[in-house]
Amino acid sequence: MKTMENISHAAQRRAMSLIIDHVLTGLKKDRNKEYIKLIDMAEKFYGDGFTKEQYQAARDAVNDPNNRWINFINQVIDETNPRVAKMTALNLGYEAFFRGTKMIRHNREVYKCNIPWLILFDPTTACNMHCIGCWSGTYGHKNNLSFEDMDKIVTQGKELGVYLYMMTGGEPLVRKKDILKLAEKHNDVEFALYTNSTLIDEDFCKEVVRLGNLTFLLSIEGNEHTNDERRGAGHYQKVLDAMALLRKYGIIFGTSVCYTSQNIDAVTSDDFFKFITEQGARYGFYFHYMPVGTNAVPELMPTPQQRKYMIDRIREVRSPDYPINFYPMDFQNDGEYVGGCIAGGRNYFHINSNGDAEPCVFIHYSNTNIHENSILEMLQSPIFKAYYDGQPFNRDHLRPCPMLENPDKLRKMVHETGAHDTNLESPESVEHLTAKCEPYAKAWAPVAEEYWKTHKHPQPKYENYKPENRDDYATSKSYLYEEYMADQKKAAK
């Protein structure tokens with residue numbers, strides 16, 4: 001029997017669906033007018049989740065005919081299949097950003113633990129590729145989450161307010177049939193898949209359009225030479241083929257790039273950004289190479305100077321005047337915008353194909369498993385509570401990670417919580433893992449500290465830390481949020 005809350009939610013979703021239909025129709029006539037309506041509605045619904053200055057800055061951007069990001073949004077709308085556009089707005093916009101965020105913040109206070117904004121899980125370890133330096137390549141094809149496991153993850157996640165789910169692997173599309181079944185059953189959430197592209201075909205794209213709630217991040221690393229050198233001959237062309245299909249069907253997609261000491265120039269060049277945008281990619285995640293697993297290649301970790309370059313380069317590409325319509329995000333270097341480490345359920349966590357709940361996709365230690373515990377019980381397990389107690393791991397958010405930049409903290413948490421190794425093929429002790437990170441952490445620390453002290457940083461209005469850890473963080477910032485917003489407005493003009 002449905003509860004009153006479920007009935008109310010269903011009614012709200014129907015109302016929001018009608019509003020989105022009206023807005024999408026109105027966008028064909030007067031986009032600026034409809035955008036302002038959306039901002040007004042967001043302010044009414046979301047309230048003080050953003051500051052008055054932020055809402056006004058959004059209105060100012062809409063009224064500026066030269067604003068890069070409004071023009072970017074217009075381009076995405078023009079390219080996207082109407083069904084996909086509607087479901088993205090309904091699931092990612094209403095369910096995840098607005099309704100879900102409110103639920104999550106409430107549940108963090110109720111349960112006294114981290115509650116994530118997204119959950120990442122691996123449908124399978126199986127993969128049809130063996131990329132150099134990838135820990136997944138050591139796992140083999142032994143483990144799979146059943147459809148029932150995946151359904152449990154999403155069902156229980158929604159009860160806490162989680163309406164965004166990402167999948168990796170292995171290659172998640174090895175489980176294509178079950179993924180489509182899951183997306184249909186949970187058509188009120190958004191799914192994003194990290195994929196090597198090789199299993200995307202025409203029939204699959206037709207199903208994605210019908211459902212409307214899947215998006216894709218395609219693995220690509222620079223030009224054909226730098227990509228195929230790590231991922232194998234012929235992979236580059238298969239990515240281009242997949243991009244052409246997704247573009248043809250109006251399916252939103254982005255890129256997933258692992259940057260290394262060997263490919264960093266190739267994956268951040270103007271030519272690369274221009275090329276992937278011409279193929280239809282509109283956003284992308286950049287991931288710092290992590291020396292995880294017994295087949296890791298520590299020499300692939302970027303040097304301190306390369307990482308410093310990466311920070312500056314991503315911010316340049318996101319600046320108001322950069323001429324290419326692509327929005328990159330850097331998992332490691334954008335810590336200042338999200339308050340440091342987002343793992344351990346603070347903003348996300350990972351469930352591997354054996355069902356083990358890991359604090360991070362890069363950190364394979366756990367006390368809990370989906371076959372034995374609920375999502376909430378996972379978030380209250382010892383290793384997750386250690387993250388909750390310890391975040392932020394560093395007040396310098398260019399050194400956020402308890403593995404890569406603060407390896408002593410990961411060792412301490414693993415030992416104190418009794419978390420066991422969850423590498424599915426070749427166990428790796430926390431000492432072995434962190435030993436590979438210590439030279440890097442030592443070399444990066446002075447560069448990061450100098451950069452942090454000499455650059456301005458935003459201070460988000462809401463900090464989802466354990467209450468006892470919030471005040472110290474607020475006073476550690478020398479650069480106020482209001483000053484940051486004022487500078488952003490000046491830059492936009």
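Colleague: Is Ser-197 buried or exposed?
Modeller: Ser-197 is buried, with a relative accessible area of 2%. Buried means under 20% relative accessible area, exposed over 50%, partly exposed in between (1.4 Å probe, protein chains only).

Colleague: What kind of model is this?
Modeller: This is a predicted model: local features need pLDDT of at least 70, side-chain atom pairs count only at pLDDT 80 or more, and totals for chains, interfaces and linings use all residues. Residues are numbered from 1 along each chain as its sequence is written, and side-chain values use heavy atoms, with hydrogens and water left out.

Colleague: Where does Ser-197 lie?
Modeller: In the loop between strand 3 (190–195) and helix 8 (202–211). Helices (H or I, at least four residues) and strands (E, at least two) are DSSP runs, numbered from the N terminus. Phi of Ser-197 is near 85°, a positive value in a residue other than glycine.

Colleague: And which strand does strand 3 pair with in the parallel sense over 5 bridges?
Modeller: Strand 4. Two strands pair if DSSP finds at least two bridges between them. Ala-192 stands opposite Thr-215 in strand 4.

Colleague: How many residues of strand 4 are buried?
Modeller: 6 of its 6 residues, 214–219. Leu-214, Phe-216 and Leu-218 point one way; Thr-215, Leu-217 and Ser-219 point the other.

Colleague: What is the bridge partner of Leu-217 in strand 5?
Modeller: Gly-254. Strand 5 (residues 253–259) runs parallel to strand 4, joined by 4 bridges.

Colleague: New topic. Which peptide bond to Pro-392 is cis?
Modeller: The one from Gln-391, with omega near 0°. Pro-392 sits in the loop between helix 15 (382–390) and helix 16 (407–417). The bond from Gly-169 to Gly-170 is cis too, with omega near 15°.
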